[in-house]
Amino acid sequence: MMMNEEVKLQKKELRGKLIEKQRNLDAQYRESASKEILEVLKKQKDYLLAGTIFIYVGQETEVNTTLIIQDALAKGKRVLVPKTVSLGHMEACEIDSMEDLSPGIHGILEPKDLAYQMEPGKIDIAFVPCVAFTKDGFRLGYGGGFYDRFLPRGRFKRILVAFSEMEEDVLPHDVFDEKVHGILTEKGYSNLW
């Protein structure tokens, strides 16, 4: 089954506009919202009870997930970070500190190699990035399909991490798009599952 070409085109057009919107968010807002997101997360039962988390390393225009990574490591959680293997394919690899990361294919910090790869079935919570999201759990990603391929591989809780400013009323989606189970922004946490 092919992705609906019309949906693909709608996503591409919208993605460009929304990436620009994300880039134009005030740097101070991004910094304070990232800190607030961590504070909201620290009160969530799912996070507190999770032994193993899977989390991306946010880039400059995204939520600063380094704060979450450092908090999780300090709490003794196992922290897995995406490692790009090939186009649209990533694996989860455990890290012990931020020093275990280096810029990957896309310039995003990721584990240096696959030495500490872990099966998705061992993940308790996966924190998922997006360009934009809807309050019912649909997300617009960056277009590589990495998460739509990775998420179905495990039965973990999927929590989208985003700035509230990136919420949209409606986003184009099709059958391949994986919904999240929770949405975490600086304004709070919404459990959808």
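Visitor: How do the residues of the lining of the largest cavity divide into nonpolar, polar and charged?
Guide: Bear in mind that this is a predicted model, where local features need pLDDT of at least 70, side-chain atom pairs count only at pLDDT 80 or more, and totals for chains, interfaces and linings use all residues. Ala, Val, Leu, Ile, Met, Phe, Trp, Tyr, Cys and Pro count as nonpolar, Asp, Glu, Lys and Arg as charged, and the others, Gly among them, as polar. That sorts the lining into 9 nonpolar, 1 polar and 1 charged.

Visitor: How much space lies in the largest cavity?
Guide: On a 1 Å grid over the protein atoms alone, a cavity is a set of points where a 1.4 Å probe fits but cannot get out, whereas a pocket is an open set with protein on both sides within 12 Å along at least five of seven lines. Searching the whole structure turns up 1 cavity of 30 Å³ or more. Its volume (space filled by probe spheres on points joined across faces, edges and corners) is about 60 Å³.

Visitor: Which residues are the closest to the centre of the largest pocket?
Guide: The largest pocket has a volume of about 1100 Å³. Its lining takes in 41 residues, and the closest to the centre are Tyr-142, Gly-143, Gly-144, Gly-145 and Phe-146.

Visitor: Which element gives the largest share of the lining of the largest pocket?
Guide: Helices (H or I, at least four residues) and strands (E, at least two) are DSSP runs here, numbered from the N terminus. Those giving two or more residues to this lining are H1 (5-23), S2 (78-86), S5 (109-111), S9 (139-140) and H5 (146-150). By class, the lining splits into 17 nonpolar, 11 polar and 13 charged. The largest share, 7 residues, belongs to H1.

Visitor: And how many residues in the lining of the second largest pocket are charged?
Guide: This one has a volume of about 160 Å³. Cys-93, Glu-94, Asp-96 and Lys-112 are among its lining residues, and strand S3 (residues 89-95) supplies the largest share, 3 residues. The lining has 4 nonpolar residues and no polar ones, and the charged count is 5.

Visitor: Where on helix H2 do the buried residues sit?
Guide: H2 (residues 27-41) has 15 residues, and its buried ones (under 20% relative accessible area, with exposed over 50%, partly exposed in between, for a 1.4 Å probe and protein chains only) are Tyr-29, Arg-30, Ala-33, Ser-34, Ile-37, Leu-38, Val-40 and Leu-41. An α-helix has 3.6 residues a turn, so residues three or four places apart point the same way. Down the axis of H2, the buried residues fall within an arc of 165 degrees (taken from the directions from the axis to the C-beta atoms), so they line one face of the helix.

Visitor: What is the relative accessible area of Lys-35?
Guide: Residues are numbered from 1 along each chain as its sequence is written, and side-chain values use heavy atoms, with hydrogens and water left out. Lys-35 belongs to helix H2, and its C-alpha is separated by 19 Å from that of Asn-24, 11 residues apart along the chain. Lys-35 is partly exposed, at 45%.

Visitor: Is Met-98 buried or exposed?
Guide: Met-98 sits in the loop between S3 and S4 (101-103). Gln-70, on helix H4 (residues 66-74), is 28 residues from Met-98 in sequence but 8.0 Å away in space, C-alpha to C-alpha. Gln-70 is partly exposed at 42%. With a relative accessible area of 19%, Met-98 counts as buried.

Key: Expected span 1.5 Å × (residues − 1). 1 Å grid on protein atoms, 1.4 Å probe; cavity = no way out; pocket = protein on both sides within 12 Å on 5 of 7 lines; lining within 4 Å.
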